[in-house]
Amino acid sequence: MGNFHGVLTAESPDNPTVLAERERLFAEVLTEIVGTDHVPVDGHFFDDLGADSMVMARFCARVRKRPDLPSVSMPDVYKHPTIRSLAGALAATTAPAPQPTTALAEHERQFTEILTDIIGTDHVPADSHFFDDLGADSMVMARFCARVRKHPDLPSVAMPDVYKHPTIRSLTAAVTTTPAPQPTTTLAEHERQFTEILTDIIGTDHVPVDSHFFDDLGADSMVMARFCARVRKHPDLPSVAMPDVYKHPTIRSLTAALTTTETDRNPTSSSQPATPAALIEPPKQRRFGRSVLCGALQLLFLLGYPALTAAVWVAGFNWVSTSPNLVGVYVRSVAFGSAIFLGLCAVPILVKWVLIGRWKPQEIRVWSLAYVRFWLVKTLIQRNPMMLFVGSPLYALYLRALGAKIGRGAVIFSRNLPVCTDLLSIGDGAVIRKDSFFNGYQAHDGVIRTGAVTIGNDAIVGEATVLDIGTSLGDGAQLGHSSALHAGQAIPAGERWVGSPAQRGEKTNQMAVTARDVGKARRVVFSTVQLGNLLLLGLPLTFGLADFALPRLPEFGPLLDSAPVSLTTWTFFRDALVVSAVVFFGALLVGLVLVGTVPRVLNLFIKPDEVYPLYGFHYWVHRAITRTTNIRFYTTLFGGTSYIIYYLRWLGYSLRGVRQTGSNFGEMVKHDTPFLSAAGSGTMVADGLSIINADFSSTSFRLSRASIGPDNFLGNMIAYPPQSKAGDNCLLATKVMVPLDGKVREGVGLLGAPSFEIPRSVMRDKQLDVSSEDELRRGLRAKTIHNTVSMTLFLLVRWTFFWSVTVVYLAAINLLNPLGALALAIALATAVVIVFTVVYNVLVDRLFRPLQALVPQGCSIYNRAFWRHERFWKVSSLTYVLAFNGTPLKNVIWRLLGMRVGRRVFDDGLRVPERTFTTIGDDCTLNADTIVQCHSQEDGGFKSDRIAIGAGCTLGVGAFVHYGVTTGDGAVLATSSFLMKGEEVPPNARWGGNPATEMREHPGDLPVRQISIDDNRTVLVRGG
């Protein structure tokens, strides 16, 4: 059986003595890990021995350190869950030439020493299974892998190796390779040419082949990056990347390593595409003064633009309210509403064409003036009223006005608006589903890179996907849900790819909805009705209520009177308190009634599994149901408590007979329709669930029932489609790609994209569960009481904020309205409210911060420590922080929230639930929608630990970092990757995938022509 390195095991399958010896050695390894006297060779690792994934990962790593044993990985363990079946399966593989005994023995010895030190025992048998025998888990083995990678004399080990070769002996045999000797002439010639190139770059007469690039020759990363680029221009030389330079820092070692691997490198097949890695370049200097200037300009815009908009609204309201009759008010409301709507939509278009012109593939240094222009356009594009028309022909029309090439009949359901629109090409009839990212840019090492994204005719981009720059889908191609195209990947016409990075996948056709005849007239009528609803009904109704209702309320009269009210009197604050209470709690109760009644009436017009044409009455009904039942405030209020079950039932979820756990659903759950969403009894869901009920073609849609089976546990950030093949009693890990093909999975865990099976649960986590029904009832009752107090505090904190904002606006009105400067008063108050929002939420965070629980070994969800941590989640807020994406101001806010953030960090959309557990090093680059999460919940257990991101690291778009992770300086985590708990990424390594592992491909330039732009508009051509 092949391992992660392409090495095969060595023993003959026909030798019973070898099999018996291997069983014995496996049993020794596992016995030592588990800590028992004996392990039956027919005992099931998980069911009989009670091992968990962390124990088996330790077993795999221990086996891989044994040169006399075949390498074992976790997939092998899951497939052959006894020592006998595992030994037999591994013996049936092809064997390579035996490794030198001395190298194998030395590697085995060192592997044993490292694992012994990590586990804290006196001895680790070379044949003991990491998980079953030694009791290790995935976090322990991740630490082992990281420790091994710090030894230059040992072969690199990754978690897939551990899972596949779960003993020291088998692991050692698998990862210890002896390359065939290369022809002396080839080595000597490559060595000579490398020396000539480096000599020319450094400017010396001679470079010794055994001199260390950095320590002896004094080179830096920029010099070596030039060396790599120069080498890549020689077709007769093997390609060199910066990771190669760091790993083999002399000409002799570099030549030997690359000349060895070059002959073994096979062309990438279409079914298993190589992931083009982003170019690893010398870090761009980010000066402190430049970031201060950039931040000042951004702050001016963040305060000024909303203030100006508010002033215009007030001026318009004054004009509308001066009309002598109701008809005049309506006419003026329509006129002003139309003008302000068109203005807000036109400003981003105008600014984009004036400041940018047409987007081109280029590089923009962070914090430069060129970046300020980029950020300004990005912010305006992503914050405008056209977000209301996602999934409408108006949305496509708006993107065309921004320069995008949108084909006829193309439909976009994602609210993540692209920024570099001129580089976006979407073919006729293409469909981009919700929660997809196709920004047209990425950030890497302090540089913004823009690049093309091309989607062919009739192509489909699934839900929760990421398209990096330089990617494309051919005509009729499909990218499955929860998948990603890394930079440079291309899906051929007619193929369906899945996973992260994507590869040719299963045969399931995502275009499962029958097309309908939707003509131009239908699109025009629907768009016209949408605009009419907003401009002829929505805005006039808003102005009418403001003009006639509010001034007539007893509490509003004195406050809005032309004579100023003393701000030092109790009356002013009392009236503001009454006003805020009436509006806040009144809106809360009215909204709660509406979300449970209006959608039920609308749902009478929708039939499950019926195919409806787009842009008609049924489509409007579906959109109305989706929007009115996905209100984040209520899921935050009720999520993580016993009350979430009743709220979701009120919305329309099918949850009858569900066993109450007190944490059945988290605070982030959404759906296409609640009336076709269901979950079985005993199921628990963490944050980030997106239930997919709607299937779309470019002309039609269909709503189907999506049911989560009983006794399931769903991790974070999962898109759950109605065609799911996850059955009863499954564990769906964080960011897993829910399978759509094959048999229905039951009683297993699913991890990764594409997903593979792992154990459903492990003994260590089972120990965190309650032991009896009586204990469960007592714990649930106490948790409900504690959560009720948390909900009360949540409402109190939000109401206090709303009251404070009310005071600010009314105070400004009373001070300046008598002077005839009402618009100026509202503008100043808006700027003050923005600053106050940050200050208030920071104070709230500091007040509740001590409630966080740091429990690496875990605790039950019925433990008070977990309840306190839940209270911190519920009461604190992060929504306002995202408004500062892409600014140095966000780093300041993170520090105020307790996170250790280095200098010159570029943060384009990071989310961190536990700020005080997180450390971000200097010069890091954090892309949009990245998550650093210092906790995990699985079934009835909760764990948390610290995360440390080294200096100069880059996290790609949509990357997810789990708790207990440490990354070395300069490490890169690729787009939409999931870095599992406890991993230690070496310095300057590039990791990617779901789950993330070290990426073996050599980095290279993206297949686009890039232009580097600095502050002086100097253009430096890069690429071909």
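# Close-up views of a predicted model

**View 1. The covering of helix H27.** The buried residues of helix H27 are covered by elements that include helix H25 (822-848), strand S31 (900-901) and strand S32 (906-907). As in every view described here, the structure shown is a predicted model. Helix H27 spans residues 889-896, and the buried residues in this helix are Lys890, Asn891, Ile893 and Trp894. When the helix is seen down its axis, these buried residues fall within an arc of 160°, so they line one face of H27. Just after H27 comes Gly898, whose phi is positive, at about 100°.

**View 2. The chain as a whole, for orientation.** The chain holds 27 helices and 48 strands, and of its 1024 residues 60% are buried.

**View 3. The packing of helix H13 with helix H14.** Helix H13, which runs over residues 288-321, packs with helix H14, residues 326-355, at an angle of about 160°, and their axes are 9 Å apart. The two helices are therefore roughly antiparallel to each other, an assignment that applies to angles over 145 degrees. The crossing in which H13 passes H14 is right-handed. On the side of H13 the contact is made by Tyr305, Thr309, Val312, Trp313, Gly316, Trp319 and Val320, while H14 contributes Val329, Arg332, Ser333, Ala335, Phe336, Ile340, Leu344 and Val347. Sorted by class, the residues of this contact of H13 with H14 comprise 11 nonpolar, 3 polar and 1 charged.

**View 4. The crossing of helix H19 and helix H24.** Helix H19 (residues 570-603) and helix H24 (residues 773-816) have axes that come within 9 Å and cross at roughly 130°. That angle makes H19 oblique to H24, and H19 passes H24 in a right-handed crossing. From H19 the contact draws on Phe572, Phe573, Ala576, Leu577, Val579, Ser580, Ala581, Val583, Phe584, Phe585 and Leu588, and from H24 on Leu795, Arg798, Trp799, Phe802, Trp803, Thr806, Val807, Leu810, Ala811 and Asn814. In the contact of H19 with H24, 17 residues are nonpolar, 3 are polar and 1 is charged.

**View 5. Helix H19 again, here with helix H22.** H19 also packs with helix H22, residues 643-651, at an angle of about 40°, and the axes of these two helices are 8 Å apart. Here Leu592, Val593, Val595, Gly596, Thr597 and Arg600 of H19 meet Tyr647, Arg649, Trp650 and Leu651 of H22. The contact of H19 with H22 is made up, by class, of 6 nonpolar, 2 polar and 2 charged residues.

View 6. Gln852 is placed in the loop between H25 and strand S30 (859-860). Although it belongs to a loop, Gln852 counts as buried, with a relative accessibility of 12%, where the cut-off for buried residues is under 20%. Residues up to four places away in sequence being left aside, Gln852 touches His869, Phe872, Glu914, Arg915, Thr916 and Phe917.

View 7. Pro501 itself is found in the loop that lies between strand S15 (496-498) and strand S16 (503-504). Another cis peptide bond leads from Asn994 to Pro995, with omega near 0°, and the proline of this pair, Pro995, has its place in the loop between strand S45 (990-992) and strand S46 (997-998).

View 8. Ser482 is a residue other than glycine, yet its phi is positive, near 55°. This serine, Ser482, lies in the loop between strand S12 (478-479) and strand S13 (484-485), and at 10% relative accessibility Ser482 counts as buried. Asp939, which is not a glycine either, has a positive phi of about 55°. The loop that holds Asp939 is the one between strand S36 (935-938) and strand S37 (941-944).

Conventions. Residues are numbered from 1 along each chain as its sequence is written. This is a predicted model: local features need pLDDT of at least 70, side-chain atom pairs count only at pLDDT 80 or more; totals for chains, interfaces and linings use all residues. Side-chain values use heavy atoms; hydrogens and water are left out. Axes are lines fitted to C-alpha atoms, for helices over the stretch in contact, and angles run from 0 to 180 degrees between N-to-C directions. Helices (H or I, at least four residues) and strands (E, at least two) are DSSP runs, numbered from the N terminus. Angles under 35 degrees count as roughly parallel, over 145 as roughly antiparallel, 65 to 115 as roughly perpendicular and the rest as oblique. A crossing is left-handed if the near helix is turned anticlockwise from the far one by less than a right angle, and right-handed if clockwise. Contact means heavy atoms within 4.5 Å. Ala, Val, Leu, Ile, Met, Phe, Trp, Tyr, Cys and Pro count as nonpolar, Asp, Glu, Lys and Arg as charged, and the others, Gly among them, as polar. Buried means under 20% relative accessible area, exposed over 50%, partly exposed in between (1.4 Å probe, protein chains only). The arc is that of the directions from the helix axis to the C-beta atoms.
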